[in-house]
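Reader: I have the sequence and the model open beside each other, and I would like to go through them with you step by step. Could you take my questions in turn and define each term as it comes up?

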Amino acid sequence: DTPQTRDPLAVLRHVYGYDSFRGKQAPVIDRVVSGGDAVVLFPTGAGKSLCFQVPALCRDGVGIVVSPLIALMRDQVEALRQLGVRAAALNSSLSPDEFSEIRRLLNQDALDLLYVTPERIVTPGFRDMVASAKIALFAIDEAHCVSQWGHDFRPEYRELWQVADLFPGVPRMALTATADPHTRDDIIERLGLHSAEVFTTSFDRPNIAYEIVERDQPRQQLLRFLSRHKGSSGIVYCLSRAKVEETADWLNEQGVRALGYHAGMDRAVRDANQDAFLKEEDLCLVATVAFGMGIDKPNVRYVAHLDLPGSVEAYYQETGRAGRDGLPSEVWMAYGMTDVIQRGRMIDGGQSSDEVKRVERAKLNALLGICETAGCRRQAILAHFGEAHPGGCGNCDTCLKPVETWYGTEAAIKALAA
Ligand code: ADP
Ligand code: MG
C-alpha cells in the first residue's frame with residue numbers, strides 16, 4: 001500500500017508554530033518524506049532535529065531515533081509532548097510497566113517518534129518490539145559516534161541498521177555537526193549510506209572571534225581574557241577535575257563569580273551549577289568536557305580553553321557553544337608546546353592499537369596546525385572540515401594582529417629543549 005504523507009510545511013506551522021524552514025531543512029525533509037536516505041552535516045544549532053522529526057510526522061508509522069544521551073533524549077521527548085507529538089524514549093531507566101506501555105503503543109501505531117539509546121538497540125527485546133511495528137524512518141543523531149574519528153565513539157550505533165535491514169525501503173538518516181572529511185567518509189562507509197544524499201551547509205560561525213595564545217602564566221592570562229567579559233556568561237574548559245575545582249576557587253577569590261562542573265561532582269551540586277549557568281547572565285562555568293553536549297544556552301559570550309582539546313572537532317564543538325544567538329562572542333585558548341609533547345607521548349605509550357594511535361596522532365597534529373598557523377584561524381579551522389575560506393576573516397587574532405612567524409617556532413624549540 002502507498003504510504004500516506006502529510007505536507008511538511010503544514011506540519012512545521014501547525015505542530016511547531018514556525019513560519020518557514022531554515023537553511024537546507026526543506027530539501028532534507030523532502031528527500032526523506034519521499035523515501036530517500038540522507039546524511040545531514042549541519043553545524044550545531046542549525047536545526048537538525050526537525051530534519052527527522054518532521055518527516056516522521058509526515059510519513060505513516062513511527063520514526064525511530066538513536067541518540068547517545070539519556071538526558072538529551074528526555075528533553076526532546078518532553079518538548080515534543082508539549083507540542084502534542086506522541087513521543088517516547090526507550091532507555092534502561094524504564095520500569096517493566098513503562099516498557100510494555102511503549103510496546104502497546106507501537107503495536108497500535110500510536111507513536112510518532114521513539115527515541116532509543118545505543119545500549120537498547122542491541123538487545124533482542126528491542127528488535128522484537130519493533131518487528132511488527134509500522135516504521136516511518138530510522139535516524140541516527142550525533143552520527144559521528146560511529147566513527148573513531150569522531151570524539152565520542154559508540155560502536156553500538158551501527159547495530160541500528162541490523163534492525164533497519166528488516167524494513168527495506170524505509171528511509172535512513174545520519175545527522176551530525178561533525179563534518180571533517182574523515183568522519184564524514186567513515187559515517188557513510190560504516191553505516192552503508194552510499195546511496196544517501198549528503199546535505200551540508202557552511203560550518204563558519206562568523207560571530208565567533210578566535211584567539212589562541214602561547215601559555216606562560218595561564219591564570220593571569222585567563223583573568224585578562226575574562227576581564228573583557230564582565231557581566232556576561234561563558235565557559236572555561238579544563239582537562240582534569242582537580243583543575244576545574246582549583247580554577248573555579250581561584251576565580252572566585254579574584255572576584256569572578258565561577259562555578260564548577262565535572263562528572264565526579266555530587267550530582268545535585270552539578271545539576272544546580274548547570275541550572276545556574278543556564279539561567280544567569282553573569283556566571284563563569286569552569287568545566288571538563290563532560291559539560292556541554294545538548295546544552296542550548298543562546299547567550300554564551302565566551303569559551304576559554306586552559307588545556308588543548310582532544311581534536312579540532314572537539315575544539316570546534318566546544319567553542320561552538322558560544323554565540324548561538326548570533327551576537328559577537330569570543331573564544332580563547334592558551335596552549336603550551338610541553339602539553340603537545342606530553343600528549344604525543346601519552347598516545348605513543350598507550351595501550352591502543354596502532355590504528356587508533358595513528359588516528360590520535362593525526363588529530364593532535366591537525367589541532368596543532370591550527371594553533372601554530374600564522375594565517376587566518378578561521379580559514380584553517382574550516383579547511384579542516386573540507387571547506388574553502390578565502391582567509392583574512394578579520395575576526396581572529398592572526399588577522400587582527402598578525403603574528404611574527406618565528407614566534408611559534410621558537411616556542412617549539414624551547415619546549416623540545418626542556
Ligand atoms: P541541532 O540539532 O542542529 O544542533 P536543534 O535541532 O537542536 O539544532 O535546533 C536548534 C534550535 O533551532 C531549536 O531551538 C529549534 O527549535 C530551532 N529551530 C529549528 N528549526 C527551526 C525553524 N525552521 N524555525 C525556527 N526555529 C527553528
Ligand atoms: Mg541536535
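Reader: Which residues of α3 are buried?

Author: This is a predicted model, in which local features need pLDDT of at least 70 and side-chain atom pairs count only at pLDDT 80 or more, while totals for chains, interfaces and linings use all residues. Residues are numbered from 1 along each chain as its sequence is written, and chains are lettered from A and ligands numbered from 1 in the order in which they are written. A residue is buried if 20 or more other C-beta atoms lie within 10 Å of its own, exposed if 12 or fewer, and partly exposed in between, with C-beta atoms placed from the backbone; helices (H or I, at least four residues) and strands (E, at least two) are DSSP runs numbered from the N terminus. On that basis the buried residues of α3 are K48, L50, C51, F52, Q53, V54, P55, A56, L57 and C58.

Reader: Which residues have the most contacts inside the largest nonpolar core?

Author: A nonpolar core is a set of buried Ala, Val, Leu, Ile, Met, Phe, Trp, Tyr and Cys residues joined through C-beta atoms within 7 Å. The largest one has 116 residues, and α3 gives the most to this core, with seven residues. Those with the most contacts inside the core are V40, L137, I140, M173 and V286.

Reader: Which residues does V40 touch, not counting residues up to four places away in sequence?

Author: Two residues are in contact if their C-beta atoms, placed from the backbone, lie within 7 Å. Once residues up to four places away in sequence are set aside, V40 touches V28, K48, C51, M173, L175 and F199.

Reader: Is L285 buried or exposed?

Author: L285 has its place in strand β11, which covers residues 284–287. Leaving aside neighbours within four places in sequence, L285 is in contact with I235, L259, Y261, N273, F277 and F291. Because 27 C-beta neighbours fall inside 10 Å, L285 counts as buried.

Reader: What is the phi of E142, and where does E142 lie?

Author: Most residues other than glycine have a negative phi. E142 is found in the loop between β5 (135–140) and α8 (160–164), and E142 is buried, with 24 other C-beta atoms within 10 Å. Although E142 is not a glycine, its phi is positive, at about 50°.

Reader: Is D109 buried or partly exposed?

Author: D109 is found in the loop between α5 and β4 (113–116), and D109 too has a positive phi, of about 55°, although it is not a glycine. With 13 C-beta neighbours inside 10 Å, D109 counts as partly exposed.

Reader: Why is the chain said to be as compact as a globular protein of its length?

Author: There are 18 helices and 13 strands in the chain. The radius of gyration is taken over C-alpha atoms, and the globule rule is 2.2 Å times the number of residues to the power 0.38. For 418 residues that rule gives 22 Å, and the chain is called as compact as a globular protein of that length because its radius of gyration is close to this, at 23 Å.

Reader: What is the mean pLDDT of the chain?

Author: The predictor's confidence in each residue is its pLDDT, which runs from 0 to 100, and where pLDDT is low, the predicted coordinates should not be read in detail. In this chain 94% of the residues reach 70 or more, and the mean pLDDT is 89.
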